[in-house]
Structures are given as C-alpha cells and as structure tokens.
Amino acid sequence: MEFNDFDHHATIEGTTVFDGTQAMKGYALNKMCYSFNGAAAREEYLQDPEAYFDKFGLNDEQKQACRDKNVLALIAAGGNIYYLAKFAGIYKLDVQDVGAQQTGMSKEEFKEKLRRAGD
Amino acid sequence: MAKIIGGLTSSHIPAVGNAVHNKLFDDPYWKPFFDGYPAIQDWLNEHKPDVAINIYNDHGLGFFLDKMPTFAIGAAHQYVNEDEGWGIPQLDPFPGDAPFSWHIIESMVAQEFDITSCQELAVDHGFVVPMQLFWPGAPHNPDLPRTIPISANTVQHPIPTLGRALNFGRALRKAILSWPQDIKVVVLGTGGLSHQLDGERAGFINKEFDQYCMEKIVSDPDALTKISRHELVEKAGAQGTEFLMWMMMRGALGDKVKAVHSNYHIPISNTGAGTMLLEPVES
C-alpha cells in the first residue's frame with residue numbers, strides 16, 4: 001500500500017492547510033523563523049541572511065522565497081504563517097501587509113476589504 | 001470547594017497589545033472593540049475571581065513544531081511573557097497557582113485526557129492580551145487573579161475536533177469543582193473569531209458564521225460539534241480554528257449558561273472580534 005493512500009491533506013480554495021505534509025516540507029524554514037523570537041538571532045540573520053539560511057539547512061526554494069519576501073512562495077515551501085509572521089516582523093511587515101501581498105492588493109485596498117466584511 | 005463563576009471570551013489579536021500600550025481606547029478604529037470590555041471589567045471588579053484559567057493557543061513562542069502538544073497545561077508558579085519577534089511590548093510575569101494546576105492535571109489524566117504538563121511556559125499574546133483587556137494594567141492590576149494557562153494546538157493539523165474541545169471543557173469542570181479550596185474561578189476562552197492570515201484567501205472574515213457560533217455557544221454548544229474541522233477552516237478561516245478555545249471554555253461552564261454581555265466587531269486587524277461574558281445557570 002502506498003503512503004498516499006493515507007493522504008490526510010484537505011483542499012480548501014486559497015488555503016494551504018498546515019498538516020503533516022507541509023510540516024515535513026517546511027521544517028527547516030519554520031525552525032529558522034522560530035529562532036527569530038530572540039533579538040540576538042534576528043541581529044545575526046540581518047548581518048548575513050545567506051549564512052543564516054545555511055545554518056538552518058533551508059533548501060533553494062525556501063531561500064529564494066525568503067530573498068523575495070514572497071509569502072505565497074514561503075507557504076508553498078512549507079512555511080507556517082505563525083512562524084512566517086516572525087520573519088515578516090523583521091521587515092516590519094504586519095498582517096495587513098502580508099494579506100495585501102498575497103491577494104495582490106494595495107494595503108489600503110486590503111484594509112477596505114476587511115472593513116467591508118462588517119457590512 | 002472551588003466554584004466556577006463565569007466564562008469570558010475575547011479575541012487575542014497582537015495589534016490589541018500595541019493599542020493598549022498606546023492607549024487608543026477612544027480612537028475611532030478601536031473604540032467599537034474596546035467598548036465591549038468595561039461591562040465585563042465591572043463584573044470582575046464586583047466578583048473578584050481568585051483564579052483565571054486562560055485557555056488560549058500558543059503561536060510559536062511556548063512551543064515549536066519539534067514537539068507539539070495537542071493540549072498543554074501550565075504548572076508553573078509564574079508565566080513569563082517573552083519576545084515574540086515583532087515588537088509587542090513585553091509584560092512582567094503573571095502569577096500562577098501551581099498546586100491547583102497539578103490538581104487539574106491529575107484530574108484530567110484520570111478522566112483520560114492525556115495532557116502535557118509545563119513547569120515552564122512562555123506565554124504569548126494569546127494569553128496576555130485578554131488578561132490586559134479584562135484586568136487593565138495587568139499584570140499590575142491589584143485584583144489580578146492567579147492564572148493557569150491551557151494551550152490547545154491550532155498551529156498544525158491535525159487539530160482537536162470541536163467535540164473533543166467541548167468534552168475537554170466538561171472534564172476541566174469536574175477537575176475545578178473537585179478542588180477543596182473555597183475559591184472563585186473564571187474560565188477564559190480566547191482567540192478567533194473568523195480570520196485567515198495566509199494564502200490567496202487572506203482577509204477572509206465570515207460575519208454570519210461568527211454570529212451563529214456566538215449564539216450556539218450559549219444555547220446549544222453540542223450543535224457546534226457537528227462542524228467538522230475541514231468545515232471549520234472553510235467557514236471560520238484557517239486561523240478561525242481558534243474557536244476551539246471557546247468550546248473548551250464553554251464545556252467548563254456546565255449545561256446551562258446565560259449571556260450577560262456580548263460584543264462583536266469587524267474588523268480588528270484581520271479578524272472578527274467577539275467578546276462575551278457567560279454565567280453558569282444552576283440547574
């Protein structure tokens with residue numbers, strides 16, 4: 001029996017459910033992001049991002065997504081949003097910046113979309 | 001014996017931590033949200049609970065994906081709020097109640113909820129923001145209760161089912177009520193309501209579903225257990241799964257409750273924010 005017979009992955013449009021499949025894929029990336037809870041780690045990263053990627057064993061896809069600060073690519077590479085938020089924090093990107101980037105809107109447009117949800 | 005005098009719900013959005021720090025209570029964006037709290041603060045001031053059991057979900061401070069407990073219970077003498085990496089002001093430690101924690105842990109495992117006990121646990125915005133909202137100035141509010149954090153996993157699937165969360169709360173109720181000290185306990189369910197931070201669907205908020213959840217959490221929480229986890233992600237958004245904390249809180253209040261206070265506002269940050277005060281009704 002193939003492993004895929006036990007595929008628990010759920011498909012929801014516009015959503016990557018962070019499950020075992022994603023957890024396996026993104027472990028190194030998420031571990032790096034988890035380290036950013038510490039100020040010293042954030043400082044070390046900013047001094048030499050490439051060395052920091054290697055320290056945590058990121059693969060090429062993950063490194064490129066980090067260089068590009070591309071949130072959808074980071075998620076596709078196995079990133080978990082709670083940890084990615086710490087990466088985004090280094091660049092002073094808040095959750096509206098992150099939302100705007102992923103939906104192809106300006107930040108103001110994205111905030112308006114949120115406001116309209118209350119109508 | 002210990003008594004459960006109420007259940008409190010609140011969103012725990014990080015931006016609220018900054019808004020509290022900057023005292024934006026009358027700011028037009030924040031006012032409709034903060035206006036949901038004074039009535040509950042007054043109630044707390046009147047009833048002065050001794051212990052607050054704060055059910056929240058860690059967001060990558062206390063736990064990493066190397067070891068991810070489905071249900072974790074704090075058993076520390078104090079809980080430290082640490083740097084989360086994005087510039088929320090850090091607060092001083094919150095006092096715990098370790099003997100009561102261990103009683104709850106013993107009781108939960110005896111009731112076959114196999115939890116993770118934590119003698120050290122760094123608590124993030126999910127824990128501290130509601131404490132700040134309900135006890136202004138926390139942790140330096142003179143009426144601040146001792147706290148016991150309980151964290152449920154919503155970071156990584158599989159997450160618990162809504163039925164399991166409700167039953168966890170029901171077991172927690174037995175654990176609390178069997179504690180021999182004459183103390184008053186409130187149970188907090190923090191997080192939610194609908195929101196999604198990640199993916200092309202980022203910014204998803206579902207007012208209708210949130211209002212359904214706020215109604216049923218009072219009148220018929222068992223009806224909510226029919227919602228599958230897949231459906232919860234679909235209808236509440238990927239991070240709206242934090243509603244599980246509300247289910248755990250609700251289970252601890254017993255069969256019948258009345259809603260004493262309720263507030264709902266869209267948006268705060270990317271989220272539909274729900275605030276409630278529930279009182280158990282003796283049957």
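## A tour of chains A and B

Start in chain B and select helix α3 (residues 38-47), which lies across β1 (3-10), β9 (184-190), β10 and β11 of chain B. This helix runs at about 145° to β10(B). The model is a predicted one, so read each stop below as a computed feature of that prediction.

**Stop 1: the eight-stranded sheet of chain B**

Eight strands form an open sheet, in the order β6-β3-β8-β2-β9-β1-β11-β10 (chain B). Its pairing is mixed. Find the edges: these are β6 and β10 (257-268) of chain B. Each has a single partner strand, so one side of each has no neighbour in the sheet. From one strand to the next, the twist averages 20°.

Select strand β11 (residues 271-280) of chain B alongside β10(B). The two run antiparallel and are joined by nine bridges. For one pair to click on, take K258(B), which stands opposite E279(B) in β11(B).

Next, pick helix α5 (residues 125-134) of chain B. Helix α5 lies across β1, β2 (51-56), β8 and β9 of chain B. Its direction is at about 135° to β2(B).

**Stop 2: strand β3 of chain B**

Move along the sheet to β3 (residues 71-74) of chain B. Are its faces covered or open? Both are covered. F71(B) and I73(B) lie on one side, A72(B) and G74(B) on the other, and all four are buried.

Look at the two strands that pair with β3(B). Strand β8 (residues 146-152) of chain B runs antiparallel to β3(B), with three bridges between them. Here I73(B) stands opposite I150(B). Strand β6 (residues 116-118) of chain B pairs with β3(B) in the parallel sense, also over three bridges. There the bridge partner of A72(B) is T116(B).

**Stop 3: the three-stranded sheet of chain B**

Select β5, β4 and β7 of chain B, which form an open sheet in that order. The pairing is again mixed. The edge strands are β5 (94-95) and β7 (122-123) of chain B, each pairing on one side only. Strand β4 (residues 78-81) of chain B pairs with β5(B) in the antiparallel sense, over two bridges. Click Q78(B) and find its bridge partner in β5(B), P95(B).

**Stop 4: chain A as a whole**

Switch to chain A. It has eight helices and zero strands. Its C-alpha atoms fill a box of roughly 50 × 45 × 20 Å along the principal axes. Of its 119 residues, 39% are buried. Take the contacts in chain A with a separation of 6 or more: 54% of them join residues 24 or more positions apart.

**Stop 5: where the chains meet**

**Stop 6: helices α1 and α6 of chain A**

Two of those contributing helices, α1(A) and α6(A), pack against each other at about 55°, with axes 8 Å apart. That angle makes α1(A) oblique to α6(A). The crossing is left-handed. Show side chains for N30(A), C33(A) and Y34(A) in α1(A), which meet Y83(A), L84(A), K86(A) and F87(A) in α6(A). The residues of this contact divide into five nonpolar, one polar and one charged.

Keep α6(A) selected. Nine of its 10 residues are buried. Among them are I81(A), Y82(A), A85(A), A88(A) and G89(A). The cover over these buried residues includes α1, α5 (71-76) and α7 of chain A. Step past the helix to K92(A), whose phi is positive, near 60°.

**Last stop: T21(A)**

Return to α1 of chain A and select T21(A). Is T21(A) buried or partly exposed? T21(A) is partly exposed, because 15 other C-beta atoms lie within 10 Å, while a buried residue needs 20 or more. Finish by drawing a distance from T21(A) to G78(A): their C-alpha atoms are separated by 8.3 Å, although the two lie 57 residues apart along the chain.

Conventions. Residues are numbered from 1 along each chain as its sequence is written. Chains are lettered from A and ligands numbered from 1 in the order in which they are written. This is a predicted model: local features need pLDDT of at least 70, side-chain atom pairs count only at pLDDT 80 or more; totals for chains, interfaces and linings use all residues. A residue is buried if 20 or more other C-beta atoms lie within 10 Å of its own, exposed if 12 or fewer, and partly exposed in between; C-beta atoms are placed from the backbone. Two residues are in contact if their C-beta atoms, placed from the backbone, lie within 7 Å. Axes are lines fitted to C-alpha atoms, for helices over the stretch in contact, and angles run from 0 to 180 degrees between N-to-C directions. Angles under 35 degrees count as roughly parallel, over 145 as roughly antiparallel, 65 to 115 as roughly perpendicular and the rest as oblique. A crossing is left-handed if the near helix is turned anticlockwise from the far one by less than a right angle, and right-handed if clockwise. Ala, Val, Leu, Ile, Met, Phe, Trp, Tyr, Cys and Pro count as nonpolar, Asp, Glu, Lys and Arg as charged, and the others, Gly among them, as polar. Two strands pair if DSSP finds at least two bridges between them.
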